[in-house]
Amino acid sequence: MSTVPPEQSRPSVDEPHQHRQIAESFGSDAARYDRARPRYPDPMVARIVAASPGPDVLDVGCGTGIEARQFQAAGCMVLGVEPDARMADFARRTGVEVEVATFETWEGAGRAFDAVIAGTAWHWVDPVAGAAKAAQVLRPGGRLAPFHHVFQSPSEVMEALAKVYRRVAPDSPFNLSSQLTRSALDAYQPLFAKIADGIREVGGFSDPEQWRFEWEQSYTRDAWLDQMPTHGALTQLPSDKLAEVLEGVGAVIDAMGGSFTMQYTTVAVTAARTSAPPDPA
Ligand SMILES: C[S@@+](CC[C@H](N)C(=O)[O-])C[C@H]1O[C@@H](n2cnc3c(N)ncnc32)[C@H](O)[C@@H]1O
């Protein structure tokens with residue numbers, strides 16, 4: 001994460017989607033979330049749209065509507081599914097239709113879609129139940145495309161974050177120190193394998209592929225400290241501890257000249273629906 005995006009520093013348990021308190025904590029400051037979180041690369045949006053048989057998109061864990069608005073701008077009709085009513089309300093105010101539910105409990109009610117997408121949200125969904133639900137609502141040839149931002153902070157920023165976080169949140173399920181010894185992309189591979197395994201287990205899909213999109217973004221100290229509290233490891237920290245984390249990371253960014261460049265790889269794990277899913281037992 002960021003430094004913590006919850007994503008990069010997911011809870012150190014096998015099944016992050018079972019951490020429901022964290023999974024549904026992002027609406028604690030929806031406006032900040034929408035303002036500070038990165039958008040998705042346009043070439044990825046275009047590739048998913050081109051590889052889907054039509055414009056009807058279901059956006060799982062749509063949050064405040066960041067990627068939903070990007071798919072709308074690309075000509076799609078988007079329905080969001082989002083369990084956190086605070087995030088859903090924000091998305092609705094920006095013109096995104098949203099139904100409040102977890103994806104696992106959401107009722108498709110006979111509706112059909114050309115693509116099921118999820119922006120940095122599929123790790124909060126049961127990977128087998130999620131793929132099964134996607135298979136139920138995708139038209140033949142429809143595309144399942146959960147994607148995640150993987151970001152690689154400069155080592156100084158990551159080390160500062162891990163050090164302060166260890167001190168202020170020693171019992172947290174997030175293990176930020178584990179990010180110091182391997183690349184962010186390597187750290188994400190177990191998640192991507194789990195997503196692909198869920199799709200294979202459900203069946204009725206082509207073999208999952210990874211589509212990768214590399215890009216970078218420069219952050220001033222203020223812009224990065226604005227985003228950090230939206231990351232899952234920090235959304236539930238008491239304000240004094242959050243302030244300590246921000247101060248520690250801010251001091252390091254100051255020492256780097258007041259800004260840095262973040263390297264992003266946005267990865268979609270994607271497969272097309274090839275046949276009707278088996279009836280649930
Ligand atoms: C990191 S945020 C991503 C929000 C948005 N897609 C984006 O990229 O800006 C993860 C979102 O997944 C939602 N979420 C958590 N568990 C979920 C579930 N089981 N089904 C659907 N969405 C879920 C959270 O409420 C949150 O809005």
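Student: Where is Thr120 found?
Tutor: Helices (H or I, at least four residues) and strands (E, at least two) are taken as DSSP runs and numbered from the N terminus, and residues are numbered from 1 along each chain as its sequence is written. The model is a predicted one, in which local features need pLDDT of at least 70 and side-chain atom pairs count only at pLDDT 80 or more, while totals for chains, interfaces and linings use all residues, and side-chain values use heavy atoms, with hydrogens and water left out. On that basis, Thr120 is found in the loop between S4 and helix H6 (127–137).

Student: Is Thr120 buried or exposed?
Tutor: Buried means under 20% relative accessible area, exposed means over 50%, and partly exposed lies in between (1.4 Å probe, protein chains only). Because its relative accessibility is 8%, Thr120 counts as buried.

Student: Is Ala109 buried or exposed?
Tutor: The relative accessibility of Ala109 is 66%. Because of that value, Ala109 counts as exposed.

Student: Which residue forms a salt bridge with Asp114?
Tutor: A salt bridge is a side-chain nitrogen of Lys or Arg within 4 Å of a carboxyl oxygen of Asp or Glu. For Asp114 the closest N and O atoms of the pair are 3.1 Å apart, and the partner is Arg139. The pair links distant parts of the chain, 25 residues apart, with Asp114 in strand S4 and Arg139 in strand S5 (residues 138–152).

Student: In which helix do Asp197 and Arg200 lie?
Tutor: Asp197 forms a salt bridge with Arg200, the closest N and O atoms being 3.3 Å apart. The two residues are three residues apart, about one turn of the helix, and both lie in helix H8 (residues 184–202).

Student: Which residues is Thr265 in contact with, leaving aside its neighbours within four places in sequence?
Tutor: Thr265 is found in strand S7 (residues 259–272), and at 11% relative accessibility it counts as buried. Taking contact to mean heavy atoms within 4.5 Å, and leaving aside neighbours within four places in sequence, Thr265 is in contact with His148, His149, Val150, Leu185, Arg212, Phe213 and Glu214.
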